[in-house]
Each structure stands twice: as structure tokens, then as C-alpha cells.
Amino acid sequence: MIKTAMVICLASLLAACATPSPLEFNPDTVMQSKRKFDAELKTITVKTAPTNQRTGDVNWFRVENTIGDQFYQTSTGTGVPITRQWETALNDALSQSLIFRDNAQRKISLIVEIQKVEMNGLATVDYDIAARYRLMDRETGVDAYSKTIESHGSAETSEAFVGAVRARLAFVRSVKTNIEQFLADLQTAMLQ
């Protein structure tokens, strides 16, 4: 009887440890911009960079399985759920920052091309991400801004015992950092 109770308690404890956090890429704080671009942001697209423009491995099937998406859905291997969440986080952050003017004559699109998503480690999980951010003038098709942002996210065993949960924490931190660095760079950037 005591053994059965201990097994049930241990199983419950381990099951609770295996629950991954949601994919929430929104930066913790977004400051209102001190400057405004005389341009209206019309669309945001996040996608995988073409193979010849990648700076490292981008294997969505591995990423989706490593960060524990099998807890929520069958992995598609396309990265679509991840890129959609990234788009949503960017939209929210840019709306909060007030860096673009609504109804400006110039219309631009933000295109984010993910060039690298690499994971390392077991006890401490590290994710390194590189994403190229482009603000494209919708009338001319010319990039008004283009920069590759590299970021790093890490999670240790002390934060989560289950590897998939650690991987998810590290991945989310890396994407959040990437978005935060992009927003910081926009504060000093000049649109062409």
C-alpha cells in the first residue's frame, strides 16, 4: 500500500515537471519609441530563409520535437506554429512601441527570414538563432532596412528537470532576445 502511494506521488510529481510552458515570444517590456518612422507597417511575415541564405541549421522537425510540441500537437516539421507565434509577438511589440505612423504615405512590410536555429547541450540547453529583419518599401520593393540579429537562449537543469521543457525555455528566451535586439536596433536605425 505504501509503495503504491509512493509510486503514484512520484508519477504525479514527474508528470507535473513535464508540462512545457506555452510558446510566448512577447518581450517582457516594450518601451514606447522616442522616434517615429514616417511609414506605416502594413504586414509582418516570418519565414525560413532559403537554403542558400542560411547561416546554420534550420530543422523545424527537430526543433518542434525538441521543444516539446508533441505535448500539444503532432509535429509538422514546417515551423509554421513557431513562425506564426513569432509574427504575433512582433506585431504586439511594434504596436506597443509606436515606432511607425498609421496612415503614413509610405507603406512598408517587415519580412523576417530565419537563417539559423541551432540547439546544443543536454544538462544545460542552449539555442542560437539568427534572423534577418528586412523593412521593404511596398511601392519600390527596395529594402529600407536590413539587419541580421543573432541571439542566444539558455536553460539549466535547475530550471526544469525534463529536457523538452528546458529546450522550450531556452528556445523561447532566444526568440524573445532576438525580438528585443531588433527593437533596440530600430531605435538608432535610419530607413533608406
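Rings of Phe, Tyr and Trp (its six-membered ring) form an aromatic pair if their centres lie within 6.5 Å; planes under 30 degrees apart count as stacked, over 60 as edge-to-face and the rest as tilted. The structure holds six such aromatic pairs.

This is a predicted model, in which local features need pLDDT of at least 70 and side-chain atom pairs count only at pLDDT 80 or more, while totals for chains, interfaces and linings use all residues. Residues are numbered from 1 along each chain as its sequence is written, and side-chain values use heavy atoms, with hydrogens and water left out.

**Aromatic pairs**

Phe 25 and Trp 86 pair edge-to-face, with 6.5 Å centre to centre and 65° between the planes. Phe 25 sits in the loop between helix 1 (2–17) and strand 1 (40–48), and Trp 86 in helix 3, 61 residues apart. Helices (H or I, at least four residues) and strands (E, at least two) are DSSP runs, numbered from the N terminus. Phe 25 and Trp 86 are both buried. Buried means under 20% relative accessible area, exposed over 50%, and partly exposed in between (1.4 Å probe, protein chains only).

Tyr 127 and Phe 171 are also edge-to-face, at 5.1 Å centre to centre and 75° between the planes. This pair links distant parts of the chain: Tyr 127 is in strand 3 and Phe 171 in helix 4, 44 residues apart. Tyr 127 and Phe 171 are buried. Ring pairs join Phe 25, Trp 86, Tyr 127 and Phe 171 into a cluster.

**Salt bridges**

The whole structure has ten salt bridges. Each is a side-chain nitrogen of Lys or Arg within 4 Å of a carboxyl oxygen of Asp or Glu. Among them are these:

| Residues | N to O distance |
|---|---|
| Glu 87 and Arg 84 | 3.3 Å |
| Arg 132 and Asp 143 | 3.5 Å |
| Glu 159 and Arg 173 | 2.5 Å |

Glu 159 lies in the loop between strand 4 and helix 4 (163–186), and Arg 173 in helix 4, so their bridge ties together parts 14 residues apart in sequence. Glu 159 is partly exposed at 38% relative accessibility. Arg 173 is partly exposed too, at 32%.

Glu 87 and Arg 84 both belong to helix 3 (residues 80–97). They are three residues apart, about one turn of the helix. Glu 87 counts as buried because its relative accessibility is 15%. Arg 84 has 45%, so it counts as partly exposed.

Arg 132 is partly exposed, with a relative accessible area of 21%. A network of salt bridges links Glu 113, Arg 132, Arg 134 and Asp 143.
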